[in-house]
Amino acid sequence: MAELLTAESVRLGRTAADRAAAIDQVGAVLLELGAVDPEYLTAMHEREASVSTYIGEGVAIPHGTDASRAHVRRSALTVLQFPEGVDWGGEDVRLCVGIAAQGSEQVGILSALAHVLMDPERAAELRQAPDTDTVLRILRTVDTEKDEETTQ
């Protein structure tokens with residue numbers, strides 16, 4: 001996870017008028033990072049139209065469709081915090097974790113993220129994170145926990 005999430009991919013204190021605007025912002029960061037081609041952004045909206053990327057605990061994980069992986073240049077994560085919340089089809093989202101993943105990496109990344117993001121305490125800490133270092137510290141524990149589970 002550490003190599004996928006960098007300080008420049010974390011954006012705190014954002015606002016968005018609606019779910020589409022939040023997805024646009026997530027996609028723009030992935031594009032800015034050089035992780036995706038512009039077509040991936042369209043696919044993120046297609047994914048959301050077919051199935052919500054809301055996972056609970058005030059968190060959504062916007063990502064493209066399976067077919068859009070052809071538009072991923074490199075795997076990357078981005079975290080955008082929306083303190084005022086975004087209406088996500090009736091749910092209040094305050095944290096978006098955008099994913100761009102090559103090949104079959106997406107399933108593993110989603111699984112690892114869910115381990116942290118579905119934990120109410122850690123999700124709350126991320127939603128209220130005061131700085132980038134806090135976000136990186138929390139999400140980089142995914143690697144450590146995964147390693148510990150593998151060795152047990």
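A residue is called buried here if its relative accessible area is under 20%. By that cut-off, the buried residues of helix H1 are Ala 22, Ile 23, Gln 25, Val 26, Gly 27, Val 29 and Leu 30. The model is predicted. Its five strands form an open sheet of mixed pairing, in the order E1-E4-E5-E3-E2.

**The sheet: order and edges**

- Strand E1 (10–11) and strand E2 (54–56) stand at the edges of the sheet, and each has a single partner strand, so one side of each lacks a neighbour in the sheet.
- E1 pairs with E4 in the parallel sense, over two bridges.
- In that part of the sheet, Arg 11 stands opposite Leu 80 in E4.
- E3 and E5 also pair in the parallel sense, over two bridges.
- Ala 60 stands opposite Cys 96 in E5.

**The E4 and E5 pair**

- E4 and E5 run antiparallel and are joined by nine bridges.
- Leu 80 has Cys 96 in E5 as its bridge partner.
- Asp 87 has Asp 92 in E5 as its bridge partner.
- The hairpin of E4 and E5 has two residues between the strands, and Gly 89 takes a positive phi there, near 65°.
- In E4, 10 of the 13 residues are buried, so the strand is largely enclosed by the rest of the structure.
- E5 is likewise largely enclosed, because seven of its 10 residues are buried.

**Helix H1**

- H1 has 14 residues, which should span 20 Å at 1.5 Å a residue; the end C-alpha atoms are 20 Å apart, which agrees.
- H1 lies across E1, E4 and E5, and runs at about 160° to E4.
- The buried residues of H1 pack against E1, H2, E4 and E5.

**Helix H2**

- H2 (residues 39–50) has 12 residues and reaches 17 Å from its first C-alpha to its last, close to the 16 Å expected at 1.5 Å a residue.
- Tyr 40, Leu 41, Ala 43, Met 44, Arg 47 and Glu 48 are the buried residues of H2.
- These residues cover an arc of only 160° around the axis, which puts them on the same side of H2.
- The exposed residues Ala 49 and Ser 50 are carried on the face of H2 turned away from its buried side.
- The cover over the buried residues of H2 includes helix H1 (19–32), strand E4 (76–88), strand E5 (91–100) and helix H3 (105–117).

**Helix H4 on the sheet**

- H4 packs on the sheet and touches strand E3 (59–60), E4 and E5.
- The direction of H4 makes about 90° with that of E5.

**Nonpolar cores**

- The largest nonpolar core has 24 residues, of which Leu 77, Val 79, Leu 113, Leu 117, Leu 126 and Leu 139 touch the most other members.
- At least two residues of this core come from each of E4, E5, H3, helix H4 (120–127) and helix H5 (132–151).
- Another core, of 22 residues, lies apart from it; Tyr 40, Leu 41, Cys 96 and Ala 100 are among its members.
- Two of those members, Tyr 40 and Leu 41, are also listed among the buried residues of H2.

**Loop residues**

- Glu 57 lies in the loop between E2 and E3.
- Phi of Glu 57 is near 55°, a positive value in a residue other than glycine.
- Glu 57 counts as partly exposed because its relative accessibility is 29%.
- Ser 68 lies in the loop between E3 and E4.
- At 2% relative accessibility, Ser 68 counts as buried.
- Ser 68 is in contact with Tyr 40 and Ala 43, leaving aside its neighbours within four places in sequence.
- The C-alpha atoms of Ser 68 and Arg 19 are separated by 20 Å, and the two residues are 49 residues apart along the chain.

How values were computed. Residues numbered from 1 in each chain as written. Predicted model: local features only at pLDDT ≥ 70, side-chain atom pairs only at ≥ 80, totals over all residues. Heavy atoms only, no water. Helix = DSSP H or I, 4+ residues; strand = E, 2+ residues; numbered from the N terminus. Expected span 1.5 Å × (residues − 1). Buried < 20%, exposed > 50% of the residue type's maximum accessible area, 1.4 Å probe, protein only. Arc of directions from axis to C-beta. Contact = heavy atoms within 4.5 Å. Core = buried A, V, L, I, M, F, W, Y, C linked by side-chain atoms within 4.5 Å. Pairing = 2+ DSSP bridges. Axes fitted to C-alpha atoms, helices over the stretch in contact; angles between N-to-C directions.
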